[in-house]
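Here is a short report on pockets and a metal site. Look over the structure first, then read on.

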Amino acid sequence: MTRYTLLVAAALLFPLSAGAQGYISRMLNHPVPGGVAVVPLGDSSQMPRAYHDDNRVMVLRDSDGQWIAVVGIDLKTTAGRQVLKVDGAPGVQQPAFVVGSKSYKEQHIKLKNKSQVNPDPEQTRRYEREYKEQIAAYASFREVIPSNVMLDKPVDGRLSSPFGLRRFFNGEERNAHSGLDFAVGLGTPIKAPADGVVTIVADYFFNGKTVFVDHGQGFITMYCHLSSFQVKAGDTVTRGQSIGKVGATGRATGPHLHWNVSLNNARVDPAIFINAFKP
Ligand SMILES: [Zn+2]
């Protein structure tokens, strides 16, 4: 391959929004529903603040010296132009990005425990309470720059169910798969993929034993179906620290790790952050 064809191949692999040239832009910019948009915000001396749909958005300085907004795009977002609100970015008018389209596959799952498909009223009340708690944790925005945005895999294992799968439990469609599954054995240690603060340690109806880690600036990760915990709420964890062990608690057909990644309160494809994204 000539140097020219290599450059062309690189340009096709990493379509950039105008002006964003740095490492984080190249790695994370996949503007589709369930993906991430990296939007350049200029190079002012002060860090700008950015908002999308009234949620604060992560802002970092990329390797080329520019400020960038790293925006999580909710899976339900339709294709088209989206605008950010920005404070403190002189010369940057209405930063925008264009969301492309992506089609996600279907998955059909048979569950013997029918209450996990159609919970009874008491179970529904329990689930609703637990859901509120998790939504509040995802909405948190701490003024701390994440230690790293390219993440380590929390477990070393094969990727199984991808993010975004449209799921049918016993033939009934439920929410799309909000995370990425790893096929790993019972008891496998789960490692924090970046520094953070543990915000939830709980045993939930659907998610089973669950840990939330807040990495700063609205960058939140969640680990489900654990067999045991090695942290408690309020703990500070460092990258690589063990937070718990893989299990099959909650709505799970066998031991595996379900991993969510959230930015600005939007669940996005974790594969993007471990350089395993498939367009
Ligand atoms: Zn899962």
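Which residues lie nearest the centre of the second largest pocket? They are Lys 102, Lys 105, Pro 162, Phe 163 and Lys 278.

This is a predicted model; local features need pLDDT of at least 70, side-chain atom pairs count only at pLDDT 80 or more, and totals for chains, interfaces and linings use all residues. Residues are numbered from 1 along each chain as its sequence is written, and side-chain values use heavy atoms, without hydrogens and water.

A pocket is an open set of points on a 1 Å grid over the protein atoms alone, where a 1.4 Å probe fits, with protein on both sides within 12 Å along at least five of seven lines; lining residues have an atom within 4 Å of a point. A volume is the space filled by probe spheres set on the points, which are joined across faces, edges and corners.

| Pocket | Volume | Lining |
|---|---|---|
| Largest | About 1200 Å³ | 39 residues |

Domain 1 (23–99) and domain 2 (106–272) both line the largest pocket, so it lies between them. These bounds come from an automatic or database domain assignment. Arg 167, Asn 175, Ala 176, Ser 178 and Arg 251 lie nearest its centre.

Now the metal. The zinc ion has three protein donors (N, O and S atoms within 2.8 Å of the metal, or 3.2 Å for Na, K and Ca; water is not among the atoms, so sites may look incomplete). His 177 (NE2), Asp 181 (OD) and His 258 (ND1) lie 2.1 Å from the ion. Their spacing along the chain is H-x3-D-x76-H. Asp 181 is buried (under 20% relative accessible area, with a 1.4 Å probe and protein chains only), at 8%. His 258 is buried too, at 6%.

Terms used. Buried < 20%, exposed > 50% of the residue type's maximum accessible area, 1.4 Å probe, protein only.
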